Amino acid sequence: MTIFLITISFLIHAMSLFALIILFQRQNKISDSEKKAKQAAKDMEEMMTAFLIEIKEENEQLIAKLGSVPPAKKPNAKDPEPREKPLPPLTSRKAAAKAYTGMKTVQVERNTEKEVPQSKKIADMKEQGMTEEEIAKTLHIGVTEVQLALKFNKTEGK
């Protein structure tokens, strides 16, 4: 009976020792991953700092160049053509962003309006017997774009 109890005790001790080893390995993996994450964050911060310093130096060089350039002369009645175009007036960042977003929507609307007729033009030119290269040269677009438009027209016709 004592041998049986000693054997069971030995098995329980072995299992607990095995569980301790597994827990220790997991703890080491977690601490290693934390160290790697901290190192990656540190490296990223150093790269961003170097990048910002580089941008700052470029900005200082630009300011120095702009400061050394003489101001543009206003055109007189004597001068028929101004030599340099004056810079446009400065706008605020918010106004520029607002104008830009407005332009993007207008461009998207214009592009969608132009795409449909152009694909029909391509199909008509192909029906007239023109090659894909000739169509591309006529419309000032790529041959691949012509091929793609023709494929779309074939699928729409079916």
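Colleague: How many helices and how many strands are there in the protein?
Modeller: This is a predicted model. From the N terminus on, its elements run α-α-α-α. The count is therefore four helices and zero strands.

Colleague: What share of the 158 residues is buried?
Modeller: A residue counts as buried when its relative accessible area is under 20%. In the protein, the share of the 158 residues that are buried is 8%.

Colleague: Which residues of helix α3 are buried, and what arc do they cover around the axis?
Modeller: Helix α3 spans residues 132-139, and Ile135, Ala136 and Leu139 are buried in it. An α-helix has 3.6 residues a turn, so residues three or four places apart point the same way.

Colleague: Where is His140, is it buried or exposed, and what is its phi?
Modeller: His140 is found in the loop between α3 and α4, the latter being residues 143-157. With a relative accessible area of 72%, over the 50% cut-off, His140 is exposed. Most residues other than glycine have a negative phi.

Colleague: Why does Glu54 count as partly exposed, and which residues form the negative surface patch with Glu54?
Modeller: Glu54 lies in helix α1, residues 2-68. Its relative accessibility is 44%, between the cut-offs of 20% and 50%, so Glu54 counts as partly exposed. The residues that form the negative surface patch with Glu54 are Glu57, Glu58 and Glu60.

Note on methods. Residues numbered from 1 in each chain as written. Predicted model: local features only at pLDDT ≥ 70, side-chain atom pairs only at ≥ 80, totals over all residues. Heavy atoms only, no water. Patch = residues over 30% accessible without salt bridge, like charges linked within 9 Å, V, L, I, M, F, W, Y side chains within 5 Å. Areas by Shrake-Rupley, 256 points an atom, 1.4 Å probe, with all protein chains shown as cover. Salt bridge = Lys/Arg side-chain N within 4 Å of Asp/Glu carboxyl O. Lys, Arg positive; Asp, Glu negative; His and termini not counted. Charge placed at Lys NZ, Arg CZ, Asp CG, Glu CD. Helix = DSSP H or I, 4+ residues; strand = E, 2+ residues; numbered from the N terminus. Buried < 20%, exposed > 50% of the residue type's maximum accessible area, 1.4 Å probe, protein only.
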